[in-house]
Amino acid sequence: MNKRIFAGALIMAASVSLSVSGIVFADRDEYERGLFKRTGTVPAVANKLYATECGACHFAYQPGWLPARSWKKMVGELDDHFGENAELDQESRDAITQYLVTEAADVKPNRKSRKILRSIRDTDAPQRISTLRYMVSKHDEIPARLITGNAKVGSAANCIACHKGASEGQFNEHGVNIPGYGPWED
Amino acid sequence: MKIFTVVLLCIAALPAQASETAITQVQDSYRTEEGSAFAATRGKSMWTQSFIQKKSGKQVSCATCHTADLKRAGSHIRTGKTIGPMATTANEERFNDPAKIEKWFLRNCKWTLGRECTAQEKGDFLSYFQSE
């Protein structure tokens, strides 16, 4: 076979496949970018009652970290909330549940919530965010002495101690500053 | 000019006023009979009294989260979150909503003492918060 023709065919084949994959990538890019712009991460808490009531003892976790079934269970058991008494009047409970279930991981789609959902079985209603498979996998490089062994952090549930942008829903590693250790370099 | 001074005084007195109004209202609701009185000294001694917490089995008191010095900020023993000072003179945000006061008395007494506080005990605590 003529080498030139072969090379030409090869280039053509390559460019065809490139443009095809180019289309595919452009599509996915747009999709991801669109998703990212709107909802790349869990939306920040935008409910005053929730922020006050569920932020009194700890960081007010974004509803997007757990599915609706988890939140319903939690609000129904506030008198024994992880060993704490967080009981609340019926009216506030109803209003908070309403907010949680409209913002939950399985209701408001975004990339983080989707990853959360993938790490939970449909039949489970997990109560902790910090022990979800997704969360554990994101934090498995951090030694325990910087978390439970660190008086300024105490537990993996204390998101705001390390993630400076936690209240705004910003959790990427660039915004991390572990007390007594500093920024996180991979 | 006189009116101006009066307005100014009112504004200056506002923060203290808010907690005073709420506390008076709540304390009045605790009074079962004419003349029953609340004592800051009783509130103070109960504040640091230890109890065995039902779930954890640990010794706890109100001061465990709030500190024994009402003018200082405390921190939640399990989450580490800062809790503003309890003395009305040290924290303008304190005790300005009767429903909030009742909500926390209910939770914290049950958690700490394993039972609800009596009207007398709650009234004593409130007098103590105002006395420091």
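Contact here means heavy atoms within 4.5 Å. In this predicted model, that criterion applies to the meeting of two helices in chain B, H4(B) and H5(B). Aromatic residues are a further topic of this briefing, with eleven aromatic pairs over all chains.

**Packing of H4(B) and H5(B)**

- From helix H4(B), the residues B:Ile101, B:Glu102 and B:Phe105 take part in the contact.
- Their counterparts in helix H5(B) are B:Lys122, B:Phe125, B:Leu126 and B:Phe129.
- Classified by residue type, this contact comprises five nonpolar and two charged residues, with no polar ones.
- The axes of H4 (residues 98-113) and H5 (residues 119-131) of chain B come within 12 Å and cross at roughly 115 degrees.
- The crossing of H4(B) past H5(B) is right-handed.

- One aromatic cluster is formed by B:Trp47, B:Phe95, B:Phe105, B:Phe125, B:Tyr128 and B:Phe129.
- Among these cluster members, B:Phe105, B:Phe125 and B:Phe129 also belong to the contact between H4(B) and H5(B).
- B:Arg107 places its charged end over the ring of B:Trp104, 4.6 Å from the ring centre.

**Aromatic pair in chain A**

- The structure's eleven aromatic pairs include A:Tyr50 with A:Tyr99, a tilted pair at 5.3 Å centre to centre and 50 degrees between the planes.
- A:Tyr50 lies in helix H2 (residues 48-53) of chain A and A:Tyr99 in helix H4 (residues 90-103) of chain A, so their pairing ties together parts that are 49 residues apart in sequence.
- A:Tyr50 and A:Tyr99 are both buried.

How values were computed
Residues are numbered from 1 along each chain as its sequence is written. Chains are lettered from A and ligands numbered from 1 in the order in which they are written. This is a predicted model: local features need pLDDT of at least 70, side-chain atom pairs count only at pLDDT 80 or more; totals for chains, interfaces and linings use all residues. Side-chain values use heavy atoms; hydrogens and water are left out. Rings of Phe, Tyr and Trp (its six-membered ring) pair if their centres lie within 6.5 Å; planes under 30 degrees apart count as stacked, over 60 as edge-to-face and the rest as tilted. Helices (H or I, at least four residues) and strands (E, at least two) are DSSP runs, numbered from the N terminus. Buried means under 20% relative accessible area, exposed over 50%, partly exposed in between (1.4 Å probe, protein chains only). A charge sits over a ring if NZ of Lys or CZ of Arg is within 6 Å of the ring centre and within 35 degrees of the ring normal. Axes are lines fitted to C-alpha atoms, for helices over the stretch in contact, and angles run from 0 to 180 degrees between N-to-C directions. A crossing is left-handed if the near helix is turned anticlockwise from the far one by less than a right angle, and right-handed if clockwise. Ala, Val, Leu, Ile, Met, Phe, Trp, Tyr, Cys and Pro count as nonpolar, Asp, Glu, Lys and Arg as charged, and the others, Gly among them, as polar.
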